[in-house]
Amino acid sequence: ELIEMDGREGYVAGAAGIAKSKTLACRLAIQRAAKAVAHRFAQEHDDLGDDLADELGAEDGASFLYGYVNHQILNMPVQDISYDPSEHTCFATVRWQPPVFLKDALKKFAAVMGF
């Protein structure tokens with residue numbers, strides 16, 4: 001979901017993960033929530049993705065945006081996690097806000113990724 005965070009655009013998503021251990025169930029939930037945010041962001045900013053793909057010589061800008069956001073979310077602290085041991089289910093909510101200088105951050109990520 002697209003939200004306003006501190007006067008700027010932000011994204012929030014929640015997901016569930018089911019597994020025998022809390023660690024695995026929560027990892028699955030976080031991954032699913034991150035994918036939802038990354039997918040929404042990549043769809044909404046496809047023009048930026050196309051521009052970057054042209055600049056970097058990549059085939060698909062949407063995939064690059066998706067990878068960037070997914071990487072950002074998976075490497076940040078998760079705000080909300082709850083685990084139901086009787087159901088072996090974890091619920092996770094992630095919030096992510098694009099950096100102010102988004103294009104610069106994307107180019108830095110591209111350099112780290114070898115583009």
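Student: Patches here are made of residues with over 30% relative accessible area and no salt bridge, and nonpolar side chains are joined within 5 Å. With that in hand, which residues make the nonpolar surface patch?

Tutor: Val112, Met113 and Phe115 make that patch, and its area is about 350 Å². Keep in mind as we go that this is a predicted model.

Student: Let's take valine 112. Where does it lie?

Tutor: Valine 112 is part of helix 4.

Student: And why does valine 112 count as exposed?

Tutor: Its relative accessibility is 66%, so valine 112 counts as exposed; the cut-off for that class is over 50%.

Student: What about phenylalanine 115, where is that found?

Tutor: Phenylalanine 115 comes in the segment after helix 4, the helix that spans 102-112.

Student: What does phenylalanine 115 touch, not counting residues up to four places away in sequence?

Tutor: With those set aside, phenylalanine 115 touches Leu56, Ala58, Phe64 and Ala110.

Student: And how many Å separate the C-alpha atoms of phenylalanine 115 and tryptophan 96?

Tutor: Those two C-alpha atoms are separated by 24 Å, and the residues are 19 apart along the chain.

Student: OK, switching to charges. How many salt bridges does a search of the whole structure find?

Tutor: The search finds four. One of them pairs arginine 40 with glutamate 44, with 2.5 Å between the closest N and O atoms.

Student: Where do arginine 40 and glutamate 44 lie?

Tutor: Both are in helix 1, residues 22-44, and they sit four residues apart, which is about one turn of the helix.

Student: Buried, exposed or partly exposed: what is arginine 40, and what is glutamate 44?

Tutor: Arginine 40 has 30% relative accessibility, so it counts as partly exposed. Glutamate 44 is partly exposed as well, because its relative accessible area is 29%.

Student: Now glutamate 55. How far apart are the closest N and O atoms in its salt bridge with lysine 103?

Tutor: They are 3.0 Å apart. This pair links distant parts of the chain, since glutamate 55 is in helix 2 and lysine 103 is in helix 4, 48 residues apart.

Student: Which side chain meets glutamate 55 in the salt bridge of 3.1 Å, N to O?

Tutor: That one is lysine 107. Through shared partners, the salt bridges join Glu55, Lys103 and Lys107 into one network.

Student: Which residues form the negative surface patch?

Tutor: It is formed by Asp46, Asp47, Asp50, Asp51, Asp54, Glu59 and Asp60. One of these, aspartate 51, has its place in helix 2, residues 46-56. Aspartate 51 has 40% relative accessibility, so it counts as partly exposed.

Student: New topic, backbone angles. What is phi of aspartate 6?

Tutor: Phi of aspartate 6 is near 55 degrees, a positive value in a residue other than glycine. Aspartate 6 has its place in the loop between strand 1 (2-5) and strand 2 (8-18). It is exposed because its relative accessible area is 77%.

Student: And what is phi of histidine 88?

Tutor: For histidine 88, phi is near 55 degrees, also a positive value in a residue other than glycine. Histidine 88 is in the loop between strand 3 (80-84) and strand 4 (89-96). With a relative accessible area of 36%, it is therefore partly exposed.

Student: Last one, asparagine 70. Where is it found, and is it buried or exposed?

Tutor: Asparagine 70 is found in helix 3, residues 61-74. Its relative accessibility is 15%, so it counts as buried; buried means under 20%.

Methods. Residues are numbered from 1 along each chain as its sequence is written. This is a predicted model: local features need pLDDT of at least 70, side-chain atom pairs count only at pLDDT 80 or more; totals for chains, interfaces and linings use all residues. Side-chain values use heavy atoms; hydrogens and water are left out. Helices (H or I, at least four residues) and strands (E, at least two) are DSSP runs, numbered from the N terminus. Buried means under 20% relative accessible area, exposed over 50%, partly exposed in between (1.4 Å probe, protein chains only). Patches are made of residues with over 30% relative accessible area and no salt bridge: like charges are joined within 9 Å, nonpolar side chains (Val, Leu, Ile, Met, Phe, Trp, Tyr) within 5 Å. Accessible areas come from the Shrake-Rupley method with a 1.4 Å probe; for residues, only the protein chains shown count as cover. Lys and Arg count as positive and Asp and Glu as negative; His and the chain ends are not counted. The place of a charge is taken as NZ of Lys, CZ of Arg, CG of Asp or CD of Glu. Contact means heavy atoms within 4.5 Å.
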